[in-house]
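Q: I would like to learn how to read the features of a model such as this one. Please take pockets to begin with, then strands and the core.

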Amino acid sequence: MNKVNIKCVASKGAAIPQYKTSGAAGADICALLSEPVIIKKGSRAMIPTGLYFSIPEGYEIQVRPRSGLAAKNGVTVLNTPGTIDSDYRGEVKVILVNLGDEDFTVNNGDRIAQIVVAPVTTGLFEQVSVLDETERGSGGFGSTGK
């Protein structure tokens with residue numbers, strides 16, 4: 001398993017990300033709230049974590065939903081996966097959306113998302129006048145069948 005050091009500042013009361021099992025790819029991150037936040041069904045909210053990271057260049061942190069929140073409550077991360085770039089030093093906030101049937105309450109300390117550290121590959125974009133042909137061509141959005 002590859003490991004990379006990530007420096008983290010945690011505001012008072014914030015929880016450092018934790019991997020819950022030895023095989024987990026994502027570390028849970030928690031809400032840091034002074035009072036509960038109610039996300040009405042069909043609405044979204046930006047939830048603070050009190051966490052700030054210094055990510056080494058060549059890496060990113062991806063913010064992903066927690067499957068339990070999605071399956072049990074219909075609550076997920078809106079911009080999935082969200083990217084925390086290596087040059088960002090602000091607080092990590094998670095945009096949660098409530099797609100469930102009932103309002104959802106986020107309490108201080110609730111596990112709201114998971115983060116995955118990933119290497120970054122930078123593309124070298126080359127302008128050309130024509131692209132090579134493929135069997136699929138320009139078909140998309142289900143064009144290859146069910």
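Q: How do the residues of the lining of the second largest pocket divide into nonpolar, polar and charged?
A: This is a predicted model. The lining of the second largest pocket has eight nonpolar residues, three polar and three charged.

Q: Which of the lining residues lie nearest the centre of the second largest pocket, and which elements give two or more residues to its lining?
A: The lining has 14 residues, and V63, N79, T83, I84 and K93 lie nearest the centre. Two or more residues come from each of β8 (82-84) and β9 (93-98). The volume of this second largest pocket is about 230 Å³.

Q: What is the volume of the largest pocket, and which residues are closest to its centre?
A: The general idea comes before the case. Rolling a probe the size of a water molecule over the atoms shows where empty space is left. Here the largest pocket has a volume of about 570 Å³. Its lining comprises 22 residues, with N2, K3, V4, Y19 and V117 closest to the centre. β6 (59-64) and β11 are the elements that give two or more residues to this lining. β11 gives the most, five residues. By residue type, the lining of the largest pocket is made up of 18 nonpolar residues, three polar and one charged.

Q: How many bridges join β4 and β9, and are the strands parallel or antiparallel?
A: β4 and β9 pair over five bridges, in the antiparallel sense. For M46, the bridge partner in β9 is I95.

Q: Is V94 buried or exposed, and which residues does V94 touch?
A: V94 is found in strand β9. The relative accessible area of V94 is 1%, so V94 is buried. Leaving out residues up to four places away in sequence, V94 touches I29, A45, M46, I47, T49, V63, V77, I112 and A113. V94 and C30 are 64 residues apart along the chain, and their C-alpha atoms are separated by 9.5 Å.

Q: Which residues touch the most other members of the largest nonpolar core, and which element gives the most to this core?
A: The largest nonpolar core has 26 residues, of which I47, F53, V94, L96, V106 and I112 touch the most other members. Elements that give two or more residues to this core include β2 (27-30), β4 (44-48), β5 (51-54) and β10 (104-106). β11 gives the most to this core, with three residues.

Q: Is T76 buried or exposed?
A: The cut-off for buried is under 20% relative accessible area. T76 has 19% relative accessibility and therefore counts as buried. T76 is found in strand β7 (residues 75-77). Its contacts, leaving aside neighbours within four places in sequence, are P65, I95, L96, V97 and L99.

Q: Where is V128 found, and how does its accessibility count?
A: V128 is found in the segment after β11 (111-119). V128 counts as partly exposed because its relative accessibility is 44%. The C-alpha atoms of V128 and P36 are separated by 53 Å, and the two residues are 92 apart along the chain.

Definitions and conventions:
Residues are numbered from 1 along each chain as its sequence is written. This is a predicted model: local features need pLDDT of at least 70, side-chain atom pairs count only at pLDDT 80 or more; totals for chains, interfaces and linings use all residues. Side-chain values use heavy atoms; hydrogens and water are left out. Helices (H or I, at least four residues) and strands (E, at least two) are DSSP runs, numbered from the N terminus. Buried means under 20% relative accessible area, exposed over 50%, partly exposed in between (1.4 Å probe, protein chains only). Contact means heavy atoms within 4.5 Å. On a 1 Å grid over the protein atoms alone, a cavity is a set of points where a 1.4 Å probe fits but cannot get out, and a pocket is an open set with protein on both sides within 12 Å along at least five of seven lines; lining residues have an atom within 4 Å of a point. Grid points are joined across faces, edges and corners, and a volume is the space filled by probe spheres set on the points. Ala, Val, Leu, Ile, Met, Phe, Trp, Tyr, Cys and Pro count as nonpolar, Asp, Glu, Lys and Arg as charged, and the others, Gly among them, as polar. A nonpolar core is a set of buried Ala, Val, Leu, Ile, Met, Phe, Trp, Tyr and Cys residues joined through side-chain atoms within 4.5 Å. Two strands pair if DSSP finds at least two bridges between them.
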